[in-house]
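The exercises below go through one structure part by part. Each task is followed by a solution in steps.

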Amino acid sequence: MLTFLARRIVTGAVMVFAISVLTFTLLYSTGGNAARRILGDFASEEAVALRTQELGLDRSLPEQYFDWLTSALTGDLGSSWFRAVQVNEELGRRLTATLSLVAVSLLFSVIIAMFVGVLAAVRRGTWIDRVIQTTSLGAAAIPGFLWAIALVMLFALNLRWFPATGFVRPTDSIGGWIHSITLPVIALVIGGVASSAQQIRGAMINVVNQDYVRTLRSRGLSPRSVIFKHSLRNAAGPGLAVIALQFVGMLGGAVIVENLFNIPGLGSLSANASIQGDVPILMGIVVIIAIIVVVVNLLLDIAQGWLNPKVRVS
Amino acid sequence: MSKQNNAPPTALKRLLRDPQAIVVISILVILGLAIIIGPLLSQFDPARTDLGSALAPMGENGHILGADSAGRDILTRLLFGGRNSILGALLAVSVAVGIGTTSGLIAGYFGKWFDTLSNNAASLLQAVPGMVILLAARSVIGPSMWWMMAIFGVLLSAGTFRLVRSTVHSVRNELYVDAARVSGLTDWRIIFKHVLRVVRGPVLIQAGFLMMIGLAIQAGIEILGLGDPGMISWGGMLSDAFARILVAPQLMLWPSVMLATFCLCLTLLANSLRDALDGTQRTSPATIRKVNREIRAEMAAEAAFYADNPIMMGEDELLHIEALKVGYAAPDGSITEIIHGIDLQVNRGEVVGLIGESGSGKTQTAFAAMRLLSEGGSILSGRVVWKGRDLSTVSEAEMSTIRGTEIAYIPQEPMSNLDPSFTIGYQLMEPMRHHLRISKKEARARALDLLRRVEITDPERVFKSYPHQVSGGMAQRVLIAASISCEPDLLIADEPTTALDVTVQAEILDLLRKVQAETGVGILMVTHNFGIVADLCDRVAVMQLGEIVERGDTVTMFKTHDHPYTKQLFSAILDPEEIREPYVAPSGAPSPAAASLVDTSLVEEAEGRLETKTVSKGASA
């Protein structure tokens, strides 16, 4: 188990490093033009050259990357090219909104998808199964932002139950926070449940058809034990893999949902930074998200190993 | 090589027979044609603003679907926009499928360093949400939709790569690929002739889903305001509409409808395609339920007759199967009968062999007796009388009070019949705690005792072990221990030695004989081996194609058998070379089988056993 963990941590670190190298190469390859973009078309050549030098963009790419990496390791991700803000402070501010949105959505979608998926598997072939299958197929096919827009039109503009835009920090008011993230969470949960319920159903059916389930039944155990203790336990591994995929998908979905609902998270920050060409901010976002994904995957790997005796007991 | 020329309908024919696929394809074709031809016929310029027609309702000023806030014709923009949206998504799909398939084929077929490298690259591409990478890329390349979709295609290629790689892995070592290699075809010929054929279907299905994702992400970029302002697309229309959602929410309608329709149709088409390519015509769960309802109705009618004509069971009779028919629901809702009305009795303490080759229905008979048939299978008629109760009609709840405590089951393949997630000890204790309502401590003591009884030398260790930590022979001992844990009257053993090594086979047979002698349990022994029959069974029934063709007591059967099939089974036994010593009652020493050099067919053992049996029969007579 320990070697397994150590290997995963090293793999994760290498992954983040590789992503940072690739992203840095992509983002900083335009070098000289950056200062012109920042200063505008009317700035003099001298000013542009000076700015290029100030930003260190006149140096070679490996040199720049080494600089970025050494400061990044001390927690300094540089400062924005367009605003007087430190990247790590800005990211820190934005991270709470995104993470709270994604964590709550993931939690709900996992619980609902598990319930619905297991229900469909257990009641296979009944009308419940058919309803679940058809709805999740349809819900997964339609892009998430269409659900978000539909939710805004119905619950915010017509019924006025929830605000259409804005975000209240949980530290300011818990009630306000819940109120402000309800619609965005629903928008993310619809897609999340739709895409994972099918897979959980499949994983469950796969287990139920295993030989050992028949043998367990041959011992006269209650269906409750056979399904909810033995089958569910064995389907949990594939289920966790579904959650891992789901998490990455939701981070991507959050970019659009944050913009539609005007939530000051990483998603809306990255859209703005992308339009402006605020490279340090984008670089920071990619690396932070890569780290989050790696950490979440590591946690899921640990859970996976803990669930699987073959990994745990060795 | 093994081309399925006579396989009934091809995947394409099956697809065109699926009504859902027909509807979906028609919609896609109509919309596709409209998008290709429509712009040529349209009288409006999609980009021309006309403030006089701003927000014109449907049908006004010739605007069939109305006009947007700048007075531009919505229908024209939908058709022009569709062209860009779909071409953009197609670009992403082509890039993804091109890169993914090529790299997946190479990695899967040749492996080595390329496999490691590309696999890591794929993990890298999937580690960060595609949307975030696109936003970062856009800051460098500008708002070009084509570049963005091409980059998105590269990100998507990781998924295609994994799909192709795993598909290639699964066929790489198939016999026909080996045969092609041996016959001297070059690797590339094999890839194009054989491997690509297998990969084609799954990739096509995935392309359908990728197309949908491409459409969605393309619109998503527009909604974020990052699209190309000079290009008309569905996402751009949505973005415009969302900006005016308070003034003119109706503008959301048409681009949403188009996008949703396309995405839905692509998903449904990919699903139909999957079903069509699958081809294995599995019976749908809904059909199974329908068939089962019909069967239950018939069984209920039959039950009335049986209630008036109870079976007079002998005092020693445990199980009495009469005119049992078993069938499976076919995809078209009909029933395929596999067991055609068999009779079988097992008496208290008796060992009855049910012998036949694979597919003869012997295992299905055993499952039917315990009501453990696989999904879709059911008892069609006849009765399975157990101590006066007809098991073919009792409720599932009642059945589970009989399973384990009265009738227990020993499976064929030991390793796949233990739950991998629970310790052996737990799996032994659970039924005892459930049925016998004993404390955990007591259950533990009994479980350890059972492990000792099945001659496991280190019961404490095995108790704590997980199934993957023990050998196949050990696992089979555990399964035998589990089967006798609640002191059943009958064991149904489904070829309990077939999956084991030959040396272990003999040990397990000895163990079964010992358990039988100690507990006096009746055994229904399903087997394809007359050696085992001779070794253990008092009586034997020969089964062929779902019918019992001959039966009798073992000794008589070995001397005279009439049915040609029985003769065939006998001739399958090799000639005995040496006679093994008969089984002696245990005296603490390891079983003799473990020490002796054991044959492959168990025939000597069979003959030896037969001899003792004849002797003992003679003695008792």
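**Exercise 1. The build of chain B**

Task: state how many helices and strands chain B has, and decide whether chain B is a compact globule or more spread out.

Solution. In this predicted model, chain B has 23 helices and 10 strands. For 621 residues the globule rule gives 25 Å, but the radius of gyration of chain B is 34 Å, well over that value, so chain B is more spread out than a compact globule. The C-alpha trace spans about 115 × 65 × 55 Å along the principal axes of chain B. Of the 621 residues in chain B, 45% are buried. Next, take the contacts in chain B between residues at least 6 apart in sequence: 71% of them join residues at least 24 apart.

**Exercise 2. The open sheet in chain B**

Task: give the strand order of the open sheet of four strands in chain B, and find which strands stand at its edges.

Solution. The order is S2-S1-S4-S5 in chain B, and the pairing is antiparallel. Strand S2 (335-347) and strand S5 (389-390) of chain B each have a single partner strand, so they stand at the edges, with one side of each left without a neighbour in the sheet. Inside the sheet, strand S1 (residues 317-329) and strand S4 (residues 377-386) of chain B are joined by eight bridges. One of the residue pairs here is Gly327(B) with its bridge partner Ser378(B) in S4(B).

Helix H11 (residues 285-308) of chain B lies across S1, S2, S4 and S5 of chain B, at about 30 degrees to S4(B). Helix H12 (residues 362-370) of chain B also packs on the sheet, where it touches S1, S2 and S4 of chain B, and its direction makes about 110 degrees with that of S1(B).

**Exercise 3. A covered strand**

Solution. S6(B) runs parallel to strand S7 (residues 490-494) of chain B, with four bridges between them. Opposite Ala408(B) stands Leu491(B) in S7(B).

**Exercise 4. Where the chains meet**

Task: find how many residues of chain A are in contact with chain B, and which helix of chain A gives the most to that side.

Solution. The contact involves 60 residues of chain A and 60 residues of chain B. H10(A) gives the most to the side of chain A that touches chain B, with nine residues. By class, that side holds 33 nonpolar, 18 polar and nine charged residues.

**Exercise 5. The nonpolar cores**

Task: name the residues that touch the most other members of the largest nonpolar core.

Solution. This core has 157 residues, and those with the most contacts to other members are Ile285(A), Val286(A), Ala290(A) and Val132(B). The most residues, 16, come from helix H8 (residues 187-223) of chain B. Beyond its neighbours within four places in sequence, Val286(A) is in contact with Ile19(A), Thr23(A), Val128(B), Val132(B) and Ala136(B). A second, separate core has 87 residues, including Ile379(B), Met432(B), Phe530(B) and Met557(B).

**Exercise 6. One residue**

Task: explain why Val279(A) counts as buried.

Solution. Val279(A) is part of helix H12 of chain A. Inside 10 Å it has 28 C-beta neighbours, so Val279(A) counts as buried. Its contacts beyond four places in sequence are Leu27(A), Tyr28(A), Ala34(A), Trp81(A) and Ser139(B).

Key
Residues numbered from 1 in each chain as written. Chains lettered and ligands numbered in written order. Predicted model: local features only at pLDDT ≥ 70, side-chain atom pairs only at ≥ 80, totals over all residues. Pairing = 2+ DSSP bridges. Helix = DSSP H or I, 4+ residues; strand = E, 2+ residues; numbered from the N terminus. Rg over C-alpha atoms; globule rule 2.2 N^0.38 Å. Buried ≥ 20, exposed ≤ 12 C-beta atoms within 10 Å, placed from the backbone. Contact = placed C-beta atoms within 7 Å. Core = buried A, V, L, I, M, F, W, Y, C linked by C-beta atoms within 7 Å. Nonpolar A, V, L, I, M, F, W, Y, C, P; charged D, E, K, R; others polar. Axes fitted to C-alpha atoms, helices over the stretch in contact; angles between N-to-C directions.
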